[in-house]
Amino acid sequence: MNRVSAPPSRPSRRGPGRVTALAASLLLATGGLAVTGPSPADAAADPVAVTVNANAGLATVPATALGVNHAIWDSQLGTNETSDLLKAAGVRMMRYPGGSYADIYHWRDHTAPGGYVAPNTDFDTFMAAARRVGAQPMIIANYGTGTPAEAADWVRYANITKGYGAKWWTVGNENYGNGHYGSAWEADDHADKSASQYARLVVEYADAMKAVDPTIKVGAVLTMPGNWPDGITAGSDPGPWNRTVLSIAGPKIDFVDVHWYPGGSAAESLARTAHIDEAAHLLRDQLARYAGPNAARIGISFTELNVGTGQNTQPGALFLADAYSDLLENGVFTVQWWNVHNGIGTVTEVAGQTDYGDFGLLSSGGCTADNSVCEPPLNTPFAPYHALSMMNLFARPGDQFVRAATDEPLVTAHAVRRTDGDLAVLLVNKDPANARPVTIDYAGFTPSDAAPTTYSLTNGASGVVTGQSGSAGSATLPAYSLTTLVLRPSSPVTAHPAPPGQPTAGGVTDRSATISWSPAPPKGAPIAKYEVYRQNGTVSEQLGETAGTSFTVDNLVPGTRYTLNVLTRDTAGKVSWSSSPVTFTTAGPADSSCTVRPTVASDWGNGWVGNVEIVNNGANPVDGWTLTFTWPTGWQQVSSGWNATWTQTGRTVTVAATDDNRRIAAGGSTTAGFVGAYSGPNVPPTGFVLNGTPCTVG
């Protein structure tokens with residue numbers, strides 16, 4: 001059966017109505033070094049170990065990385081004051097006309113039947129604001145109450161008539177919320193509300209819009225893996241929303257558009273950034289499986305993000321910096337906060353600060369209905385705005401994210417290597433009560449003895465504080481804070497060789513894969529060789545080297561995910577930056593005495609019914625068997641099972657035969673089933689072992 005559960009609670013897409021004009025506040029303060037924080041006596045006793053590996057490259061920061069949402073019910077959308085604040089925070093992409101309003105908005109007459117449209121928020125006003133900010137627009141074509149012809153006319157007006165060069169266009173907003181899965185908040189006038197129908201119309205939209213301007217990029221709406229309605233199949237669709245949309249519209253789209261509201265308490269929201277790596281992995285796996293040929297060309301955008309608690313206080317700020325960094329590390333081309341202005345909600349106190357329940361980056365200056373509580377003056381930056389400013393100071397277009405990690409879940413770390421040779425490290429202390437001393441170890445980078453430039457955003461601060469003191473190897477992070485260290489290298493980085501091109505993996509088997517790349521461009525001394533490394537956490541493990549541009553990696557483990565980088569070494573012994581990473585998963589053995597066929601019988605968004613069929617490929621019967629596999633994450637588990645004895649220790653699951661099915665005849669099979677639960681992306685296991693033998697996975 002397909003059991004439908006309700007989605008998490010959602011922030012208002014309707015907005016606060018009109019807001020009044022007042023003065024803006026300062027966004028960047030200067031002063032003493034905040035990283036010193038409280039005295040050591042106030043800090044947690046044991047230092048947190050931070051490791052940064054500059055040789056383990058991740059994604060490069062795109063020009064469109066830092067984004068926000070603009071909404072047609074926000075009367076401040078086109079004001080110079082608002083635009084200048086967004087520009088100062090480093091915003092380089094803005095989305096319009098605003099969440100669910102997009103599916104009721106008609107651009108030609110600037111109306112949204114059933115919703116409020118503020119004066120001076122039409123498309124031309126938005127484009128003038130985007131140009132003042134220096135941001136690229138992302139425009140949502142009306143799917144819910146619009147037509148492909150209306151969207152094509154919008155492209156014609158924008159790019160042919162006005163010459164705006166608007167490149168990014170999404171078809172609809174959260175269209176899985178149209179009632180197809182049981183919950184309805186998104187307008188949809190189509191009689192057929194299925195994922196299949198949405199996908200078919202995305203094809204029509206893309207064809208009509210690209211007939212006007214073939215240079216534009218068209219995106220389709222997907223859902224975040226591990227979040228409702230991921231995994232749920234409804235009606236006559238061939239599968240869940242993402243699979244259905246990609247299998248039909250994949251060849252026609254250029255990117256997919258995803259939203260994420262982790263919900264829960266402040267602590268829960270902040271902990272759930274740990275889900276991002278696996279969610280991004282599943283998204284790319286879905287693209288590769290279902291979107292047709294050359295699926296790697298399809299980009300990923302995260303165009304709505306916010307928390308459920310502390311939206312305009314420090315939890316929102318910490319979440320913004322942590323989530324933006326994690327998503328950008330995974331190659332997302334833009335991350336966009338919901339929202340610029342949103343309006344006062346339920347007023348609470350969070351970590352000693354007044355939280356107005358406002359999903360905006362900037363204050364709307366409004367009051368509660370009884371006028372008992374009022375927000376700060378209009379356009380006063382809230383804490384997430386300062387976190388966005390911190391991101392602008394930390395990760396700049398062209399920088400390369402590199403692997404960073406800690407040994408403490410309440411402290412997370414991110415790092416970028418800059419084109420000028422500097423290294424920037426962002427440290428997030430999610431502990432609301434304790435300062436955290438950290439020690440920092442570097443691989444592939446040697447910092448100079450000079451004091452690092454530091455940026456700090458502490459709980460309740462009115463802006464980012466900048467300074468220069470301390471050392472590269474240690475710092476004390478104030479409670480509930482963001483800290484960025486910018487470090488100079490110990491020696492000049494000139495004359496180092498260039499990195500090779502993007503590696504790809506081919507010929508992947510259970511035990512080997514061939515990695516290929518384009519050669520590094522000439523620079524300085526001649527190239528001597530290329531070195532291939534595996535990212536093993538923050539440790540780079542060298543797998544081999546070659547003078548050519550491909551290398552076959554052997555002795556791999558079946559059913560295992562690998563992330564590899566390639567570095568260039570020249571004849572002078574100098575080493576390049578890391579290439580971008582390539583990730584692949586080895587298969588089960590092609591020829592084995594056993595085959596395991598896992599299937600999903602049903603899925604309801606946080607649990608599922610699964611089966612594993614075990615096939616004996618050998619010439620002799622199996623008399624007694626034990627099957628083992630390992631969940632890829634710590635948030636997946638077996639709740640109960642049948643036709644076998646199911647146990648789980650840590651992430652390892654053991655499935656033991658019963659007296660009824662202990663014997664599997666040669667060429668025969670047996671099936672055991674289970675109920676599973678998950679509280680994050682549900683990543684399928686890839687390796688199964690029967691009585692010590694790795695099995696083929698069918």
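Trainee: What makes up the lining of the second largest cavity, by class?

Mentor: Four nonpolar, two polar and one charged residues. Ala, Val, Leu, Ile, Met, Phe, Trp, Tyr, Cys and Pro go down as nonpolar, Asp, Glu, Lys and Arg as charged, and the others, Gly among them, as polar. The lining itself is Trp107, Ala141, Asn142, Thr147, Glu150, Ala151 and Trp154. Before you go on: this is a predicted model, where local features need pLDDT of at least 70 and side-chain atom pairs count only at pLDDT 80 or more, while totals for chains, interfaces and linings use all residues. Residues are numbered from 1 along each chain as its sequence is written, and side-chain values use heavy atoms, with hydrogens and water left out.

Trainee: Why is it called a cavity, and what is the volume of the second largest cavity?

Mentor: On a 1 Å grid over the protein atoms alone, a cavity is a set of points where a 1.4 Å probe fits but cannot get out; a pocket is an open set with protein on both sides within 12 Å along at least five of seven lines, and lining residues have an atom within 4 Å of a point. The second largest cavity comes to about 30 Å³, with points joined across faces, edges and corners and the volume being the space filled by probe spheres set on them. The whole structure has two cavities of 30 Å³ or more. Helix α3 (residues 148-161) gives the most to this lining, with three residues; helices (H or I, at least four residues) and strands (E, at least two) are DSSP runs, numbered from the N terminus.

Trainee: And which residues are closest to the centre of the second largest pocket?

Mentor: That pocket has a volume of about 450 Å³. Of its 21 lining residues, Arg417, Val493, His496, Val575 and Trp577 are the closest to the centre. Strand β27 (residues 575-578) gives the most to the lining, with three residues. By class there are nine nonpolar, nine polar and three charged residues.

Trainee: How do you know that Cys367 and Cys374 form a disulfide?

Mentor: The cut-off for a disulfide is a pair of cysteine sulfur atoms within 2.5 Å. The sulfurs of Cys367 and Cys374 are 1.9 Å apart, so this pair qualifies. The link is right-handed, with 100° about the S-S bond.

Trainee: Is Cys374 buried, partly exposed or exposed, and what makes it so?

Mentor: Buried means under 20% relative accessible area, exposed over 50%, and partly exposed in between (1.4 Å probe, protein chains only). Cys374 has 38%, so it counts as partly exposed. Cys367, at 30%, is partly exposed too.

Trainee: Why is the disulfide of Cys594 and Cys695 called left-handed?

Mentor: Its S-S torsion is about -95°, so it is left-handed. Cys594 sits in strand β29 (residues 594-603) and Cys695 in the loop between β39 (693-694) and β40 (696-697), so the pair ties together parts 101 residues apart in sequence. The sulfur atoms are 2.0 Å apart, and both Cys594 and Cys695 are buried.

Trainee: Which residues touch the most other members of the largest nonpolar core, and what makes it a core?

Mentor: Met94, Phe302 and Leu305, out of 118 residues. Helix α4 (residues 195-212) gives the most to this core, with 10 residues. A second, separate core of 22 residues includes Ile614, Ala644, Ala672 and Cys695. A nonpolar core is a set of buried Ala, Val, Leu, Ile, Met, Phe, Trp, Tyr and Cys residues joined through side-chain atoms within 4.5 Å.

Trainee: Where does Tyr480 lie, and why is Tyr480 called buried?

Mentor: Tyr480 is in the loop between β19 (474-477) and β20 (481-487). At 5% relative accessibility, Tyr480 falls under the cut-off for buried. Tyr480 also has a positive phi of about 50° although it is not a glycine. Asn120 is another non-glycine with a positive phi, about 60°. Asn120, in the loop between β4 and α2, reaches 59% and so counts as exposed.

Trainee: What makes Thr628 partly exposed, and which residues does Thr628 touch?

Mentor: Thr628 has 26% relative accessibility, so it counts as partly exposed. It lies in strand β32 (residues 626-630). Leaving out residues up to four places away in sequence, Thr628 touches Val653, Thr654, Gly687, Phe688 and Val689, where contact means heavy atoms within 4.5 Å.
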